[in-house]
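Please look over the model shown below and keep it at hand.

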Amino acid sequence: MRPHITLHTASDFQSMRCAGSLAARTLDFITPHVTIGCNTGDLDRLCEEYIRAHDAIPAPLHYRGFPKATCISVNHVVCHGIPNDAKILHEGDIANIDVTVILDGWHGDSSRMYWVGDKVSVAAERLTRITHESLLAGIEAVRPGNTTGDIGAAIQRHAEKGGAQVVRDFCGHGIGRSFHEAPNILHYGKAGEGLELRCGMIFTIEPMINQGKAQVKVLPDGWTAVTRDRKLSAQFEHTLGVVDGGCEVFTLSPRGWHNPPYAV
Ligand code: MF3
Ligand code: CO
Ligand code: CO
């Protein structure tokens with residue numbers, strides 16, 4: 001069966017601009033708080049307060065039983081890390097903070113990598129850069145007439161050119177009035193395959209890229225996904241809408257804090 005894919009109106013796009021902007025501003029807001037010795041429980045609470053102070057709701061909280069407002073995934077954690085007061089960030093750690101807000105019924109979903117202190121390893125720095133570039137390569141492939149396979153192929157090509165591997169177990173997703181809907185956006189694949197992109201589609205692209213092998217496992221908490229080889233993983237995510245000739249990214253940082261190091 002072909003999944004139903006919503007083609008959104010200009011007024012839906014306006015709502016998504018507002019939701020996407022709030023997700024991006026939350027990621028900007030948290031940036032100076034990501035410091036040596038902080039814990040991910042505090043970072044989560046700060047994000048939740050910021051989101052609620054802007055009349056929005058953190059979408060992950062109670063979503064399919066997820067217990068916190070954000071996902072914070074450190075080092076070999078691939079995604080869906082559960083914030084925790086006991087999880088202290090140390091110099092040289094790399095962390096992904098993934099924020100999804102619901103504003104006036106619309107979802108804005110974005111994540112970025114953060115470096116803890118300024119002594120991140122060359123390998124971690126390189127993985128972060130390749131992952132952000134892979135997301136940008138995927139975004140470049142978004143235009144009406146292209147396919148979801150074109151997006152995946154562009155991401156996979158860039159990641160593998162850099163000697164890294166694309167995680168297969170999680171994908172980008174349609175988004176809007178609901179958190180996760182059709183279509184699935186795979187971060188690997190073949191050009192020309194998959195579903196044709198059309199004006200008005202809204203979805204995320206959120207590649208998880210591993211330094212070592214692509215394989216992941218989910219810990220007994222039912223959420224935390226880690227690399228099987230315990231090597232590093234990185235991820236960036238944007239929410240965007242397909243428009244004539246390309247796309248509009250709803251979750252760009254107003255401060256230009258797209259990838260680290262952030263000039264705080
Ligand atoms: N924000 C994540 C995504 O990009 C989803 C998190 S679901 C949660 O799709 F339940 F773990 F929060
Ligand atoms: Co997402
Ligand atoms: Co997300």
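**Cavity, pockets, rings and core**

The count comes to one cavity of 30 Å³ or more. This is a predicted model, in which local features need pLDDT of at least 70, side-chain atom pairs count only at pLDDT 80 or more, and totals for chains, interfaces and linings use all residues. Residues are numbered from 1 along each chain as its sequence is written, chains are lettered from A and ligands numbered from 1 in the order in which they are written, and side-chain values use heavy atoms, with hydrogens and water left out.

Q: What makes a space a cavity, and what is the volume of the largest cavity?
A: On a 1 Å grid over the protein atoms alone, a cavity is a set of points where a 1.4 Å probe fits but cannot get out, whereas a pocket is an open set with protein on both sides within 12 Å along at least five of seven lines; lining residues have an atom within 4 Å of a point. Grid points are joined across faces, edges and corners, and a volume is the space filled by probe spheres set on the points. The largest cavity has a volume of about 50 Å³.

Q: Which residues line the largest cavity, and how do they divide by class?
A: The lining includes Ser-110, Ser-111, Arg-112, His-132, Glu-237, His-238 and Trp-257. Strand β5 (106-115) and helix α3 (122-140) each supply at least two lining residues, and β5 gives the most, with three; helices (H or I, at least four residues) and strands (E, at least two) are DSSP runs, numbered from the N terminus. Three of the lining residues are nonpolar, seven polar and two charged, where Ala, Val, Leu, Ile, Met, Phe, Trp, Tyr, Cys and Pro count as nonpolar, Asp, Glu, Lys and Arg as charged, and the others, Gly among them, as polar.

Q: Which residues lie nearest the centre of the largest pocket, and what classes does its lining hold?
A: The largest pocket, with about 450 Å³ of space, is lined by 22 residues, of which Tyr-63, His-80, His-173, Phe-179 and His-180 lie nearest its centre. Ten of the lining residues are nonpolar, six polar and six charged.

Q: Why is the pair of Tyr-63 and Phe-179 called tilted?
A: Rings of Phe, Tyr and Trp (its six-membered ring) pair if their centres lie within 6.5 Å, and planes under 30 degrees apart count as stacked, over 60 as edge-to-face and the rest as tilted. The centres of Tyr-63 and Phe-179 are 4.7 Å apart and the planes stand at 55°, so the pair is tilted. Tyr-63 is in the loop between β1 (57-58) and β2 (71-74) and Phe-179 in the loop between β7 (172-174) and β8, 116 residues apart.

Q: Why does Tyr-63 count as partly exposed, and why does Phe-179 count as buried?
A: Buried means under 20% relative accessible area, exposed over 50%, and partly exposed in between (1.4 Å probe, protein chains only). Tyr-63 has 22% relative accessibility and therefore counts as partly exposed, whereas Phe-179, at 10%, counts as buried.

Q: What makes the pair of Phe-66 and Trp-223 edge-to-face?
A: The two rings lie 5.0 Å apart, centre to centre, with 85° between their planes, and the pair is edge-to-face. Phe-66 lies in the loop between β1 and β2 and Trp-223 in the loop between β11 (216-218) and β12 (225-227), so the pair ties together parts that are 157 residues apart in sequence. Phe-66 counts as buried because its relative accessibility is 2%, and Trp-223 counts as buried at 19%.

Q: What makes a set of residues a nonpolar core, and which members of the largest one touch the most others?
A: A nonpolar core is a set of buried Ala, Val, Leu, Ile, Met, Phe, Trp, Tyr and Cys residues joined through side-chain atoms within 4.5 Å. The largest has 59 residues, and Ile-97, Ile-151, Phe-203 and Ile-205 touch the most other members. Its largest share, seven residues, comes from helix α1 (residues 10-30).

Q: Why does Ile-72 count as buried, and what is in contact with it?
A: Ile-72, in strand β2, has 5% relative accessibility and so counts as buried. Leaving aside neighbours within four places in sequence, Ile-72 is in contact (heavy atoms within 4.5 Å) with residues including Thr-40, Leu-43, Ile-82 and Ile-97.
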